[in-house]
Every structure is written in C-alpha cells, then in structure tokens.
Amino acid sequence: IIEGLIEKTPISSDYSITLGHTNSRESLKAFEEHFHGTLKKREVNVCDIGSIVGTHVGPGACGISYIKK
C-alpha cells in the first residue's frame, strides 16, 4: 500500500520524513530497512504514534508522514 502511495504522490526532497511507531522499535527497524532506498539521503525523524491513533491501529504498527513533491 505504501509503495503505491509513494508512486502516486512522490516524496518532496525539500522536507524531512517522519516515521512513527506504536511502542515497537523492532517493527520500526524492519520498516526502515524495507524503505531504505526511499529514505536514503533524506532527513528522517522518528516519533511515537499517539494514543488516539495507536488505539485504532494497535501495537507494532508503523507509519510514514511526508510532504508530497
């Protein structure tokens, strides 16, 4: 799903990318490795996904936030 989204709305190289996770650094590490090619040469910020979204997606979820090109 994420690959398709990035193809349709490419990531701007002018801004940083934020990766979020719901209490699972292990899942985030795998997520980062999967998107290594997409994330290279970009500033990447990491944050916890808050309780409201986290309640809906559950533990171990990861997400990406970016500004489109």
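H21 is found in strand 1, which spans residues 17-21. Strands here are DSSP E runs of at least two residues, and helices are H or I runs of at least four, both numbered from the N terminus. This is a predicted model: local features need pLDDT of at least 70, side-chain atom pairs count only at pLDDT 80 or more, and totals for chains, interfaces and linings use all residues. Residues are numbered from 1 along each chain as its sequence is written, and side-chain values use heavy atoms, with hydrogens and water left out.

**Around H21**
- H21 counts as buried because its relative accessibility is 3%. Buried means under 20% relative accessible area, exposed means over 50%, and partly exposed lies in between (1.4 Å probe, protein chains only).
- The H21 side chain reaches the backbone nitrogen of S24 at 3.1 Å.
- Not counting residues up to four places away in sequence, H21 touches L28, V46, C47, D48, I49, A61 and C62. Contact means heavy atoms within 4.5 Å.

- Three strands form an open sheet in the order 2-1-3, with mixed pairing. Two strands pair if DSSP finds at least two bridges between them.
- Strand 2 (44-48) and strand 3 (62-65) stand at the edges. Each has a single partner strand, so one side of each is left without a neighbour in the sheet.
- On average, neighbouring strands of this sheet are turned by 25° against each other, direction ignored. Axes are lines fitted to C-alpha atoms, for helices over the stretch in contact, and angles run from 0 to 180 degrees between N-to-C directions.
- Strand 1 pairs with strand 3 in the antiparallel sense, over 4 bridges.
- G20 has G63 of strand 3 as its bridge partner.
- Helix 2 (residues 25-34) packs on the sheet and touches strand 1, strand 2 and strand 3. The direction of helix 2 makes about 140° with that of strand 1.

**Cysteines**
- The disulfide count is 0. A disulfide is a pair of cysteine sulfur atoms within 2.5 Å.
- C47 is in no disulfide, and its nearest cysteine sulfur, that of C62, is 11 Å away.
- C47 counts as partly exposed because its relative accessibility is 35%.
- C62 is in no disulfide either. At 24% relative accessibility, C62 counts as partly exposed.

**E32 on helix 2**
- E32 sits in helix 2. With a relative accessible area of 27%, E32 is partly exposed.
- Leaving aside neighbours within four places in sequence, E32 is in contact with L19 and L39.
- E32 and G4 are 28 residues apart in sequence. In space, E32 and G4 are 17 Å apart, C-alpha to C-alpha.

Key: A polar contact is a pair of N or O atoms within 3.5 Å; within protein, one must be able to donate a hydrogen and the other to accept it, and residues adjacent in sequence count only if both atoms are side-chain atoms.
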